[in-house]
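Please keep the view open beside the text while going through them.

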Amino acid sequence: MKSLQSTENERQATPGQGEPAITRTTATVAQIMNLPLDQILTGMGIQVVESEIADANFYGGVHIGNGGKVTIFTSPGRNPRVTDTLVRYLIAKTFDLDVADLPAPFGVEYTDITEQARDAWVKAVRP
């Protein structure tokens, strides 16, 4: 797996204006959609990793770990603009910001695997 790198055609702040700080508690949809992606990821403490999932129907997913660590997984080989847009969308959704749902055929599925993970752990440690 490799970390996502910026693309050449990143969104930029208006020339002559300073870019406002972005944090998990102050993020707005406008910031997420317009600031350079690296600034968003750094400010919000998010890691983006290109997964090895080659399923054509998989575009990406979010894992929220212990302590609130957020990792966004993307699919390999996608157009960088598609990946950029998806990462921004998933960030907005993850932090419950008011962003429209993706159009068909895209869909977002929410799964809390906490109980499944706990059950698997219990089975693994039982004699």
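1. Isoleucine 72 touches Ile46, Gln47, Val48, Val49, Gly61, Val62, Val87, Leu90 and Ile91, leaving aside residues up to four places away in sequence, where a contact means heavy atoms within 4.5 Å. This is a predicted model, in which local features need pLDDT of at least 70 and side-chain atom pairs count only at pLDDT 80 or more, while totals for chains, interfaces and linings use all residues. Residues are numbered from 1 along each chain as its sequence is written, and side-chain values use heavy atoms, with hydrogens and water left out.

2. Together with Ile91, Ile72 touches the most other members of the largest nonpolar core, which has 19 residues. Such a core is a set of buried Ala, Val, Leu, Ile, Met, Phe, Trp, Tyr and Cys residues joined through side-chain atoms within 4.5 Å, and buried means under 20% relative accessible area, exposed over 50% and partly exposed in between, with a 1.4 Å probe and protein chains only. The elements giving two or more residues to this core are α2 (37–44), β2 (46–50), β4 (70–74) and α3 (80–94), with α3 providing the largest share, 6 residues. Helices (H or I, at least four residues) and strands (E, at least two) are DSSP runs, numbered from the N terminus.

3. How are α2 and α3 packed? Their angle is about 30° and their axes are 11 Å apart, the axes being lines fitted to C-alpha atoms over the stretch in contact, with angles from 0 to 180 degrees between N-to-C directions. α2 and α3 are therefore roughly parallel to each other, since angles under 35 degrees count as roughly parallel, over 145 as roughly antiparallel, 65 to 115 as roughly perpendicular and the rest as oblique. The contact is formed by Leu37, Ile40, Leu41 and Met44 of α2 with Asp84, Val87, Arg88 and Ile91 of α3.

4. Isoleucine 22 lies in the loop between β1 (2–3) and α1 (29–34), and it counts as buried because its relative accessibility is 5%. Beyond residues up to four places away in sequence, isoleucine 22 touches Ala27, Gln31, Ile32, Leu35, Gln39, Ile40, Gly43 and Met44. The C-alpha atoms of isoleucine 22 and methionine 44 are separated by 6.7 Å, although the two are 22 residues apart along the chain.

5. For the chain as a whole, there are 4 helices and 4 strands, following the pattern β-α-α-β-β-β-α-α along the sequence. Buried residues make up 26% of the 127 residues.
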